[in-house]
Amino acid sequence: MRYVIMRREISKYLVSKISCDHLFKKIEGLEDQEIVLDFLLVYYVSNEFIDAYIANRAMSTKIIIEKNMPMTMKKLLDNAFLN
């Protein structure tokens with residue numbers, strides 16, 4: 001299992017699609033199958049980042065576990081993956 005702290009890997013402001021795509025490219029390159037993404041102290045997540053995150057997560061071959069995710073992002077993810 002690999003533990004990734006989002007504010008250290010990207011920033012405390014998750015803004016662009018490019019940074020999300022880069023994150024998932026790194027994740028897919030890891031040998032670990034389970035990846036924990038910790039959003040602790042992430043202050044802002046843009047709609048562009050959320051859209052890219054949903055698309056990348058759906059295509060990912062890894063088991064991704066989110067912790068401390070901002071509530072607005074969590075609601076959008078729940079809706080995206082329940083449908």
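## A friendly first look at the core, the rings and the sheet

Phe49 and Tyr53 sit together in helix α3, 4 residues apart, or about one turn of the helix. Helices (H or I, at least four residues) and strands (E, at least two) are DSSP runs, numbered from the N terminus. Please keep in mind that this is a predicted model, where local features need pLDDT of at least 70 and side-chain atom pairs count only at pLDDT 80 or more, while totals for chains, interfaces and linings use all residues. Residues are numbered from 1 along each chain as its sequence is written, and side-chain values use heavy atoms, leaving out hydrogens and water.

**Aromatic pairs**

- The structure holds 4 aromatic pairs; rings of Phe, Tyr and Trp (its six-membered ring) pair if their centres lie within 6.5 Å, and planes under 30 degrees apart count as stacked, over 60 as edge-to-face and the rest as tilted.
- The pair of Tyr13 and Tyr43 is tilted, because the ring centres are 6.3 Å apart and the planes stand at 45 degrees.
- Tyr13 belongs to strand β2 (residues 13-14) and Tyr43 to the loop between β3 and β4 (44-45), so this pair ties together parts that are 30 residues apart in sequence.
- Tyr13 is partly exposed at 43% relative accessibility, whereas Tyr43 is exposed at 52% relative accessible area; buried means under 20%, exposed over 50% and partly exposed in between (1.4 Å probe, protein chains only).
- Phe49 and Tyr53 make a stacked pair, with 6.3 Å centre to centre and 25 degrees between the planes, and both residues are buried.
- Ring pairs also link Phe24, Phe39, Phe49 and Tyr53 into a cluster.

**The nonpolar core**

- The largest nonpolar core has 20 residues, and Met6, Leu37, Phe39, Phe49, Tyr53 and Met73 touch the most other members; such a core is a set of buried Ala, Val, Leu, Ile, Met, Phe, Trp, Tyr and Cys residues joined through side-chain atoms within 4.5 Å.
- At least two residues of this core come from each of α2 (17-29), β3 (34-38), α3 (47-59) and α4 (71-82).
- Not counting residues up to four places away in sequence, Met73 touches Phe39, Val45, Phe49, Ile50 and Tyr53, where contact means heavy atoms within 4.5 Å.

**The sheet**

- An open sheet is formed by 3 strands in the order β1-β3-β5, with parallel pairing; two strands pair if DSSP finds at least two bridges between them.
- β1 (2-5) and β5 (63-67) are the edge strands, each pairing on one side only.
- Between β1 and β3 there are 4 bridges in the parallel sense, and Arg2 has Ile35 as its bridge partner in β3.
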